Amino acid sequence: SNDEGPKGEDILRSNLLNLAYRQGPEMPTLKYGFADSHFICFPYETRRTGIYAAGSVRMPMDAASSIEDATGAAMKAIQCTELSALGSALHPRVGDLSFPDFAMSRCTQCKRCTVECPFGAINEDDKFNPLPNPTRCRRCGICMGACPERIISFKNYAVPMIGNMIKAIEVPDEDEEKPRIVIFACENDAIPAIDMAGINHLKYNAWVRVIPVRCLGSMNIVWIADTMSQGIDGILLLGCKHGDDYQCHFIKGSELAETRLSKVSETLNRLDLESDRVRMEQISIMDYDKIPAILDGFAERLEELGPNPYKGF
Ligand code: SF4
Ligand code: SF4
């Protein structure tokens, strides 16, 4: 509480944790002061790795339900200690043994990675050098997408790795009169949604090529430039819903991708490349039946725009 009287947020905050995070000593909370988490898929997980919310810290609940809920959170804590001892990531990348590696000799201390990591896994020293904390890391790759110097990489996921996947895509010539579309698809919902469309025998546009990414937030802007300069006609970013009722498995990833995209749009227009060539769509696995229409709608727009002027250079 404060002098003006108690507010919801003040009442529900514990002010007990005293965590050593650059983002502050408490857990990030949502509008009414409950711990921020992926409400549908990972309800016990908070944005502080290893801390699990249960009972009325998590959502409005009576005492009996809270007791049962605490059992669920305790199971999660057991899973956390077991997986951490193996060096493995927790949900949603259970089993991933890779960590972000920082080529510090080229770091400009811009603080983008430390600010954008949704889990507060990177602190800073007094000269603003990033100080990664591996046991907090969920291996989402958002820091990799954020770094303008492209010096953050994983052994099994790196900016040049996706760059090579882009280069390997065959681009039809201008006279073939069919556009090439690349989808950067989040592996959490967008890839399963595309799979579901296939399993259910839905037909979708044959001009697309799909590159899976850990989270749209791991998208480094250089991939957009690489794709466009190769003459590929359109880019579709397929990720999870963001906003108040977000479904992004890494909390902020798809929102950050949208912010980065808004900056790219200005650059594309400056280069005489219509910003409509890059589109972002939010999708959940349950929306798999919308995939054919999403792709056809984008392909139609690309046909109106004509071929990418950089094709063939
Ligand atoms: S991979 Fe994700 S959780 Fe780990 S440091 Fe980077 S942004 Fe943070
Ligand atoms: S985003 Fe890259 S350049 Fe900026 S502080 Fe982090 S590692 Fe250094």
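Okay, a definition to start: Ala, Val, Leu, Ile, Met, Phe, Trp, Tyr, Cys and Pro count as nonpolar, Asp, Glu, Lys and Arg as charged, and the others, Gly among them, as polar. Next, housekeeping. This is a predicted model, where local features need pLDDT of at least 70 and side-chain atom pairs count only at pLDDT 80 or more, while totals for chains, interfaces and linings use all residues. Residues are numbered from 1 along each chain as its sequence is written, chains are lettered from A and ligands numbered from 1 in the order in which they are written, and side-chain values use heavy atoms, with hydrogens and water left out.

So, what surrounds ligand 1? Counting residues with a heavy atom within 4 Å of the ligand, we get Cys-117, Phe-119, Ala-121, Ile-122, Cys-137, Arg-138, Arg-139, Cys-140, Gly-141, Ile-142, Cys-143 and Phe-154. That shell splits into nine nonpolar, one polar and two charged residues. Look at Arg-139 while you're there: phi is positive, about 65°, although this residue is not a glycine. Arg-139 is in the loop between β3 (130-132) and α4 (142-146); helices here are DSSP runs of H or I with at least four residues, strands are E runs of at least two, and both are numbered from the N terminus.

On to domains. The assignment, which is automatic or from a database, gives domain 1 (8-85), domain 2 (101-153) and domain 3 (159-305). Domains 1 and 3 have their C-alpha centres 33 Å apart. Seven residues from domain 1 and six from domain 3 make the contact, meaning heavy atoms within 4.5 Å. Together these two domains bury about 570 Å², 65% of it on carbon and sulfur atoms; that's accessible area (1.4 Å probe) lost on being put together, summed over both parts. On the domain 1 side, three residues are nonpolar, two polar and two charged.

How many salt bridges cross that interface? Zero, by the rule: a side-chain nitrogen of Lys or Arg within 4 Å of a carboxyl oxygen of Asp or Glu. The structure as a whole holds 17. One of them pairs Glu-124 with Arg-22 at 2.8 Å, N to O. Those partners sit 102 residues apart, Glu-124 in strand β2 (residues 122-124) and Arg-22 in the loop between α1 (8-12) and α2 (63-85).
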